[in-house]
Each structure stands twice: as C-alpha cells, then as structure tokens.
Amino acid sequence: MENVHTLVLRSVYRDSAFLMRLSSSAREASGADQVSALMGTPGNKDLLAASGLLTAAAAEAGPNDLVVSIVAAPDRLAAARKAVEERLTPTAATATPLARQQAKSLGQALRVQPGTNLAIISTAGDYAKFEAAQALAAGLDVLLYSDNIAVPDEVALKGLAREKGRLLMGPDCGTALFQGVPLGFANNVRRGTVGLVASSGTGIQEVSCLLDRCGLGISYAYGTGRRDFFDAVGGVTAAAALERLRDDDDTKAILVIAQAPGEETRRRMAEVYKTLGKPVLTRYIGVDDARLRNSDRDGVQHVGTLLDLVLGAVRLLAPALDTGDLFLPNAPPPAPRRGFLRGVFSGGTLCQEAAQEALPRLRRDVYSNVPIPGTKPLPARAASVSHTFVDMGGDEFTVGHPHPMLFPEEKMERITAELYDPDTAVVLTDLVLGYGTCREQAKLLVRALDKASSMTGGRCRDCLVVASVTGTDADTPSRSEEMAILREAGVVVLGNTVMAARHAAQALAGVVDG
C-alpha cells in the first residue's frame, strides 16, 4: 500500500469510457507503473482491494466520488498527478459547448441540445439502468456501453424500448454505425447497401472492413449486446433492428452475427426473417450445428465464418466485384513446427472465429476462456496449456481495467509470456483498428516481440508469429501502415482472421506431438 498514491475528488463524476481513456493516457504520458481511475462504488472498491490499490482514502470515498490510484516511482509521481489533473479539467479550447454549459442531467442536456435522438450511456452498471430508462422514456434510442447489468433489468429495459418504439443497443454494446456515423469502436468504412445486426462489436468491425475492401458499404450497423440472442432475453433488440432495416430503402441485404444464440431465439428470428422481404445471411457463432451451415431456407443463408458472410453478401449484391483483396496479403505455407499454438485476441468473436478455423487442424487438447465447441475451459487469467486461445477482452481482464483495444499493454505482456514459454511454437493475434482504439498497436506488438527476444536470448525468434489486422486504409493509423510495421518485424500478416488462423494451424498440422 505504501507505493499507492490516491486522489479522491468529491462529487466529481466521469463515465467509464472516459475513465478508461484517462487511466491509459495518463499512465503513458507520465511513465507511471499504473493509473486506475474509478468511481467510488462498493463494487469498484472491491476491485481496488483485489488489486492491492485500496488505501484508507479510497475506502472512505463515496459512490459519487472519483478515485484515482497511482503507482509510480517517486520521480514520476508529480508527473502522473499532473497528467490526471490535466485530463480531468477541460480547457476552453477543448471543452464542447455542452460541457461548457455543464449539463448535470439528461433533462438539462436535452434542453441544451434539442433534437437529440440518441443517448450513449457508459455509467457504472448500478446507475446505467436508471439513465437508460430515462432516455428511453424521453423518446431516445440508447447505445448502452455499460455492462454488469442483470438480465432481468436488461429484459425490462428492452421491453420499455419496444413500448416506446425505440431501440436499446446493449448492455455491453460498443459498436454501431448510423448512416456512416461511427459510434464507439468502429472503423472508417464506406456507406452502402448492407445492413448489419450483431451481438458482437468486433464482428461488426471485421465484417464492415472486409466489405469495404470489396467495394461494398454499410447502411446501418446495430449492436445488440452479447446477451440479446440468449433465450433469457429473446432477441428483442435484434428484432427491432431488423424491422428498421426492413423499412430502410437503402438497405438491400441484411447480415446477422449472433454469439451462441439460444434455440428458442433462433426459431423466433427465423420467423422475423420471413417478414423482411430482403435476403438475409447469418453467422451463428458457437452453434455446433452443421445443418445450419450453407443451408438456404426461406431466403436465409446460414454460413460458417465471418469471411463467408462477406463473400455471401458480395454474391448477392455485386457478384462482379473482385473479392481477391480479401485474401491479401497471402503467405507461402509455413515450415512445420513442434509445439503449441497460442492465440491472444482483443475480443471474443475473433478469438472464436480463429479457434473454430484452427481446431480441425490441431492435435492435442485446445483450451480457451470463451465458450467454443470442441475446447476445454481455461481458468480465469490462467497461463496457457496445450493449444490455447485467450480473449483479452474477457471480463476477467477488463473489470476495473481498460479494454485491450484502448490500452493493449496487458495483451502485449501476454504475448511476451507466450513467446517466453519454450512450448510455444506459434503465436496468433489480432490488431483491431478504428475510432476509440490505441493508435500504436503495431509498435507495441513489435516491442513485445523484442522484449521476448531479449528475455530468451533470441530463442523465441524461431516461433512463428501470425497476425490479422482489422481496419481500413481510411482509419488512423491506416491498415496498410500497421501491416507494414508488423511485416518489417517478421510477423506474417494475413488478410483476415480466418486466413490467419488457417496459416497458424497449418504450421502444426499433422505434427503428432505438437
């Protein structure tokens, strides 16, 4: 505790997205070992205690107080405090008109900015449900970034949204696109005729970027939150979003991405699809049902990968388009290796896609911290065993810490640890670019590789490192720029997640003891 310095700002509120950015940027700017900014709720204080950061001052903070915990060497402490204070105090040049007028409630914000039709909510889960209910009652659509909201509360909020004719995207929704306007984690993609409904933010990003590379664009992309397709929720947001796409003249085809959809919800969605009058393609992740794949019933085609989803959309809307760029850059077959494949990912969907593609080619058991048919559960935060696929965006890594797309340091530390392990033969990872994400992911990955090389005396350079980069050349940094940095460092960069996983597993295919 003696190395932890605590700042408590009484009656100062900032939402979780702001605090994650503050924590990561203040740490990077000052060179502190750790900066953690949280509201002083009981749940957050439990997190501080579990992390060894709960000082007496933090323990006395109330739920409306902002607590900043700093771990830094004495010569960096002042810089860390200054970095935090600068980020908490907007200047006249950087403050928005709304911030300068200091709206203290949704009602005040609507008076300051009349005509608003969407609220983005990222408060702590205990409070988010109340803010979401107020926004829906005021006639707004809601993108609910917050998580840790109980299923009964989610069901009640979505019932209210349905009653009001509004859309509740979330909880735990981080990505959407409205007429070319990105919300949350999203990419600079062209507008077009493809509508997306997805329980996965990285799924939206991967598909929208691959479509962009083919020359197709997005009309609307609606995130639903990962539980919307569970039977306990019943696809309420998905159904409402599909109705909007049905009524949108610009939308000519609809793509649906669902993580582990329940059987009853799948039946309900099948009935909704029949009413749309537009072609529908689905990717049901985690459904081990071969009968669904490549089937085409009532105008609905179920496919087995996100790449197949994109190729299917091209066949439907613009079969003359060249899809060759989806498979570039390519790489020659890798030399066979003995050892294990270790996948380290920014999000659950890309982790699942990669594992599904690699599984048939791997011998020995495969472990993961996300539910993937054919894998065994990896205990929370456990070191890898055998072949392992880890979602670093999982709750065990992100509760109280920034998401790896915002602040990928813990993800890079995991990659270094995998390369240090002499049993590792192949490391497979992803870089997800776009609005809201860290802008130096490629450089940080190269730094992780160099660190592992130094730790192992160069031994880890024998490992194959494979990456996919989700993004476009209109993003900042661009996909091409990040790929060039990785290739110069010896990383094999493939055109999409499926191809990267296939290449990584190919290095171990047929190796009995690998």
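Trainee: Which residue of strand 17 does S368 stand opposite?

Mentor: In this predicted model, S368 stands opposite P377 of strand 17. Strand 16, residues 366-368, and strand 17 run parallel and are joined by two bridges.

Trainee: In what order do the seven strands form the open sheet?

Mentor: The order is 17-16-18-15-19-20-21, and the pairing is parallel. Strand 17 (376-377) and strand 21 (492-494) stand at the edges with a single partner strand each, so one side of each has no neighbour in the sheet. Helix 15, residues 409-420, packs on this sheet and touches strand 15 (340-345), strand 18 (387-391), strand 19 (424-432) and strand 20 (464-470). The direction of helix 15 makes about 165 degrees with that of strand 19.

Trainee: How is the packing of two helices described?

Mentor: One gives the angle between their axes and the distance between the axes. Here, helix 10 (residues 236-247) and helix 11 (residues 263-274) pack at about 10 degrees, with their axes 11 Å apart. Angles under 35 degrees count as roughly parallel, so helix 10 is roughly parallel to helix 11.

Trainee: Which residues make that contact?

Mentor: Helix 10 contributes V236, A238, A239 and L242, while helix 11 contributes R268, M269, V272 and Y273. By class, the contact has seven nonpolar residues, one charged residue and no polar ones.

Trainee: Does T41 count as buried or exposed?

Mentor: Buried means under 20% relative accessible area; T41, at 5% relative accessibility, therefore counts as buried. T41 lies in the loop between strand 2 (34-39) and helix 2 (42-50). Leaving aside residues up to four places away in sequence, T41 touches P63 and Y127.

Note on methods. Residues numbered from 1 in each chain as written. Predicted model: local features only at pLDDT ≥ 70, side-chain atom pairs only at ≥ 80, totals over all residues. Heavy atoms only, no water. Pairing = 2+ DSSP bridges. Helix = DSSP H or I, 4+ residues; strand = E, 2+ residues; numbered from the N terminus. Contact = heavy atoms within 4.5 Å. Axes fitted to C-alpha atoms, helices over the stretch in contact; angles between N-to-C directions. Buried < 20%, exposed > 50% of the residue type's maximum accessible area, 1.4 Å probe, protein only. Parallel < 35°, antiparallel > 145°, perpendicular 65-115°, else oblique. Nonpolar A, V, L, I, M, F, W, Y, C, P; charged D, E, K, R; others polar.
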